[in-house]
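Subject: Structure handover

Hello,

My notes on it come after.

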Amino acid sequence: MSQHGDSICFRQFLLDVSSAWFVATCKTDSWSLFVVFVLADSSGLDQNHGGEYAAYESLIERFITALRTCEVDPYMVLDGGSDHTDKKLETVTKRAEQRIERAHRAAKDGGKEDILPIMTKWVFRQTLTRLKVPVAKCFGEADREIAALADKWQCPVLSNDSDFYIFNLSAGLLPISYFQWQDVKGNGSKSYIPCKRYYTSSFCISFKIQPQLLPTFAALAGNDYVKLPKFIWSRFAPDASRPQSRLEGLLCWMKDFEQPEDTLKAAVELMGGKSQNKEKMLQSLSVGMEEYKLPRSSLVEFFVRGVVPPFLDEELIGRIPDWMQLRVMQARLPGDTLDVLLLHRLSLGTPVDHKDLPSANLTSRPLRQVMYGLLLGKETSYKVEERDREDLQLKFIRIKPTFSRVAQWLQLNSLHEVTVLMEMNCGLCF
């Protein structure tokens, strides 16, 4: 659920569970953990000068140790490639533009602009491997998979992502902001982490709306998949609400409805517009609501038996070699490889960089071109669209794959069988 400058105060629906916490497992997405490890004020890690990776690694280790001290077994679920349907393309592009501006401000003024050092993800993953923490990387976004797995295993989700306030999770949500992992209480088997837990049921009771309407609320409030005309929902907020909240007004308006379909139709009529636009809005809202339906968990078999689950999306079947599927799910291959293979596109990282200097990503472009050649094959006519900056502008640059003398004989389906000697020649001859 996106943020629009106003918000519901979810804190009043958090239950204090600091007296006992006996959750067997916890699920978290990579971005939320980055918030804990890198962006939290208490960490004090330098973000602007390449990264304090040793201190970052130590912080991760202390976090995992705190969980295990309380007999909590963490399972980490990470985002993979981009959404191949491009439903969030506009939002992703806007965020990339904002990161470029923040990275320039950090380089110019030296302030903290929440720009992750380039190797943060790799250090995170390597540290989890060393600590023997189970990890799964999804083929797309992780939110729905995290929610489905947590619901299947009856354990809470640990995250700051606002979408988890909407998913109907039987064991609830543990917001990272209230997860005091650095303040473990008790001793031995009675150790616990003070935290707070959120349930959708508490939220619905407080605002007197039907639980089945929460996805409708999220869609009407606006999320990464739904773009709606501006409407002054705050006029339905109670007079005692100061300042009057748009989201609270929307919730008050929804009190009289029971079914999502009726709510959507009434909302579209209220927002007005031409009949054709109303149909498009209804379709867009319905798609937005689908994002909060929990699928059957595809990660249970992977965590329990190491088996790659079948693709739920038929469009992906046959497009990713079997050997590559396993390595992606094991987080041994980055999600970027999926973007190149499926979308012929790569959104490059945004390091702290002054706008008057060339992009730091230009240095590694020859290496990326070899990677594009290996992934797409020598017969390809495709170019890969790299998304990088020029000055303060986000640019889309089409890059041609290149092939070394050895790489041109390699096939993606059998790439994992290449000998070490050939790998060395491949790297030396481009």
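The model is predicted, so please read every value as computed from it. The chain holds 15 helices and 10 strands. Of its 430 residues, 49% are buried. I also looked at contacts between residues at least 6 apart in sequence: 70% of them join residues at least 24 apart.

Helices H12, H13 and H14

Helix H12 covers residues 322-329, and its buried residues are Trp323, Met324, Gln325, Val328 and Met329. What lies over them? The cover includes strand E4 (135-137), helix H11 (300-305), H13 and H14. After H12 comes Ala331, which has a positive phi near 60 degrees.

H13 runs over residues 336-343 and H14 over residues 365-376; their axes come within 10 Å and cross at roughly 60 degrees. An angle of 65 to 115 degrees would count as roughly perpendicular and one under 35 as roughly parallel; H13 and H14 are therefore oblique to each other. Their crossing is right-handed. On the H13 side the contact is made by Thr337, Val340 and Leu341, and on the H14 side by Met371, Tyr372, Leu375 and Leu376. Sorted by class, this contact has six nonpolar residues, one polar residue and no charged ones.

Aromatic rings

Searching the whole structure gives 15 aromatic pairs.

Leu213

Phe257 turns up again among the contacts of Leu213. Leu213 sits in the loop between helix H6 (200-207) and helix H7 (214-221). Its relative accessible area is 0%, so Leu213 is buried. Which residues does Leu213 touch, leaving aside those up to four places away in sequence? They are Met254, Phe257, Glu258, Gln259, Pro260 and Thr263. Leu213 and Glu258 are 45 residues apart along the chain, and their C-alpha atoms are separated by 7.3 Å.

Positive phi in two loops

Most residues other than glycine have a negative phi. Gln154 is not a glycine, yet its phi is positive, about 55 degrees. Gln154 is placed in the loop between helix H5 (143-153) and strand E5 (157-159). With 53% relative accessibility, Gln154 counts as exposed, the cut-off for that being over 50%.

His344 also has a positive phi of about 55 degrees and is not a glycine. His344 lies in the loop between H13 and strand E8 (345-347). Its relative accessible area is 17%; buried means under 20%, so His344 counts as buried. To find these two in the viewer, start from the end of H5 for Gln154 and from H13 for His344.

Regards

Methods:
Residues numbered from 1 in each chain as written. Predicted model: local features only at pLDDT ≥ 70, side-chain atom pairs only at ≥ 80, totals over all residues. Heavy atoms only, no water. Axes fitted to C-alpha atoms, helices over the stretch in contact; angles between N-to-C directions. Helix = DSSP H or I, 4+ residues; strand = E, 2+ residues; numbered from the N terminus. Parallel < 35°, antiparallel > 145°, perpendicular 65-115°, else oblique. Left-handed = near helix turned anticlockwise from the far one by under 90°. Contact = heavy atoms within 4.5 Å. Nonpolar A, V, L, I, M, F, W, Y, C, P; charged D, E, K, R; others polar. Buried < 20%, exposed > 50% of the residue type's maximum accessible area, 1.4 Å probe, protein only. Phe/Tyr/Trp six-rings, centres within 6.5 Å; stacked < 30°, edge-to-face > 60°.
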